[in-house]
Amino acid sequence: MIPYGKQDIQQKDIDAVIEVLTSDFLTQGPKVPAFESAVAEKVGAKHALAVNSATSALHIACLALGLGKGDWLWTTPVTFVASANCGLYCGAQVDFVDVDPKTYNISVNALKDKLEKASSEKRLPKVLVVVHLCGQPCQMQEIKLLADEYGVKVIEDASHAIGGKYQHDYIGNCKYSDITIFSFHPVKIITTAEGGMALTNSNELANKMNLFRSHGITRDPDSMTQEPDGSWYYQQVELGFNYRMTELQAALGLSQLDRLDEYVARRHELAKRYDSLLSTLPLTLPWQHPDSYSGLHLYVIRLNLSQVSATHREVFESLREQGIGVNLHYIPIHTQPYYQQFGFKAEDFPEAMSYYGEAISLPLFPTMSESEQDKVVKVLTKVVS
Ligand SMILES: *Cc1c(COP(=O)(O)O)cnc(C)c1O
C-alpha cells in the first residue's frame, strides 16, 4: 500500500536521538529549549513552547487566552477534531463557520456574516481557531481585521503548515494571530513522533502556556504569591498538566528541522507533477493562492461526480483495494455523533458537506518516488474514467 503520508528518518536523526539517550537528560534538559529557539527563529516568532502534541498545544493556547465556561470557540468544520475539542476541554461551547468552496479553509465571508449576527445576539466567540488546511494559509489579514473589530482572539492551527509561507513570511510568526500551533505527528511535515508546539509574540501568553504545560508550577520567585520557604521551593499557581516534550523528541525535531525547506520543496515538486498528470481527469485539483506558499501537507482532489460513473465511496474503496492508501481529510466535525448532542444539523454547513461528498487525499510525502506517484495516477485514471 502506498500510504497517504509517511515520515522520513535518516541516520542523522537516529544519531541525534541516541546521543540524547546516553546523555544526562531524557526530559527537561537542553534539547527542548534548543528546539524551541530553532523553530522560533526559523518562523520569526518571539516565543515557542514545545509540548507532547498539537492537541495539548491547542489546549494550553485556549487556557492562556482565558477560554472557559460561558465562552464560545469557533472553528471550521473541515478539520481534525482536536481543533474543536480544545474548546470543550476548557468548558466552552463550540460552533463552526462554513468553508470557502475554493480553498476549503474557513470562509471569510461566512465569518463576517456570522460575527455580525453573533454581535447583535451578544454571543460573540472569545476564540477563533483557523486551520491552514492541507498547508494552504487562510486569509489571515482579513481574518485579523474582523477579529480585531469584534474583539476575538485568533489561534492558527498550523498543524499542516510548518514551512509554508503567507505573503512571503513563514507561517508561525503570529503576525495576524495570538498563537500559532504546529503538529509533529509522523504524517505531518516534520516529526518528533508525537509532539507539538505553540508560538506567540506575547510574553504574557508564553508565560501562561509555560505554566499550563507543566503542572502550573513555577520556580520563579517573582511569579509566586509568597516568599519561597527555601531554595527548594516551587509553587503551584495554576491547575496545569504534564504536556512536556521529551529530550529525545526535541533532538529528533531539531534534526528534522534542518530538512524542513527541502521537504516542503519536494512536496511542491510532487504536487506540480500531480497537477499536470491529473489535469484531464474529471477532478477538481487543489487551488493554490498565488500570494502564498503552502506547506502542502495534503494533496486533496475533488471528484466531479457528474462526470464519473462510480460513487465517491466506490472510487475511494477501489483505490484502497488497488494499493493506493488514500484518506479523507476530514469528516465534518459537526456531523460526528459526539457533536450531535449540541444540536448541529449536517446541512448547517453546506460547503463542508459538499466537500465531504467529493474529497480524497492522495498519497504525498517527501520520499515518494515518481514511480509510486505514477502508480497512483494510473490507478486513479482507470477508476474515474
Ligand atoms: C494532526 C492535527 C492535529 C493534532 O495533532 P497532534 O499532534 O496529533 O495532537 C490538530 N489539528 C490538525 C488540523 C491536525 O491535522
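Throughout this tour, buried means under 20% relative accessible area, exposed means over 50%, and partly exposed lies in between, with a 1.4 Å probe and protein chains only. The model is predicted, so local features need pLDDT of at least 70 and side-chain atom pairs count only at pLDDT 80 or more, while totals for chains, interfaces and linings use all residues. Residues are numbered from 1 along each chain as its sequence is written, and side-chain values use heavy atoms, with hydrogens and water left out.

**First stop: two crossing helices**

Select helix 9 (residues 260-277) and helix 13 (residues 370-384), whose axes come within 11 Å and cross at roughly 35°; helices here are DSSP runs of H or I with at least four residues, strands are runs of E with at least two, and both are numbered from the N terminus. The axes are lines fitted to C-alpha atoms, for helices over the stretch in contact, and angles run from 0 to 180 degrees between N-to-C directions. The crossing of helix 9 and helix 13 is right-handed, a term that applies if the near helix is turned clockwise from the far one by less than a right angle, anticlockwise being left-handed. The contact, meaning heavy atoms within 4.5 Å, is made by Arg266, Leu270, Arg273, Tyr274 and Leu277 of helix 9 together with Glu370, Gln373, Asp374, Val376 and Val377 of helix 13.

Now pick Tyr274, which has its place in helix 9 and is buried, with a relative accessible area of 0%. Beyond residues up to four places away in sequence, Tyr274 touches Tyr299, Leu362, Pro363, Leu364, Met368, Gln373, Val376 and Val377. A C-alpha to C-alpha distance drawn from Tyr274 to Val376 reads 9.4 Å, although the two are 102 residues apart in sequence.

**Second stop: salt bridges**

A salt bridge is a side-chain nitrogen of Lys or Arg within 4 Å of a carboxyl oxygen of Asp or Glu, and by this rule the count comes to 17. Select Arg273 and Glu370, which form one with their closest N and O atoms 3.7 Å apart. Arg273 lies in helix 9 and Glu370 in helix 13, so the pair ties together parts that are 97 residues apart in sequence. Glu370 is partly exposed, with a relative accessible area of 41%.

Next select Glu36 and Arg213, whose side chains meet in a salt bridge at 2.8 Å, N to O. This pair links distant parts of the chain, 177 residues apart, with Glu36 in helix 2 (residues 31-43) and Arg213 in the loop between helix 7 (203-212) and strand 10 (217-218). Glu36 is buried at 11% relative accessibility, and Arg213 is buried with a relative accessible area of 11%.

Then move to Glu121 and Lys117, a salt bridge whose closest N and O atoms are 3.6 Å apart. Glu121 is partly exposed at 42% relative accessibility, whereas Lys117 is exposed at 53%.

Select His215, in the loop between helix 7 and strand 10, where phi is near 70°, a positive value in a residue other than glycine. Gln167, in the loop between strand 6 (165-166) and strand 7 (169-170), likewise is not a glycine and has a positive phi of about 50°. Finally, select His329 and Tyr330, which are joined by a cis peptide bond with omega of about 10°; Tyr330 is found in the loop between helix 10 (312-321) and helix 11 (337-340).
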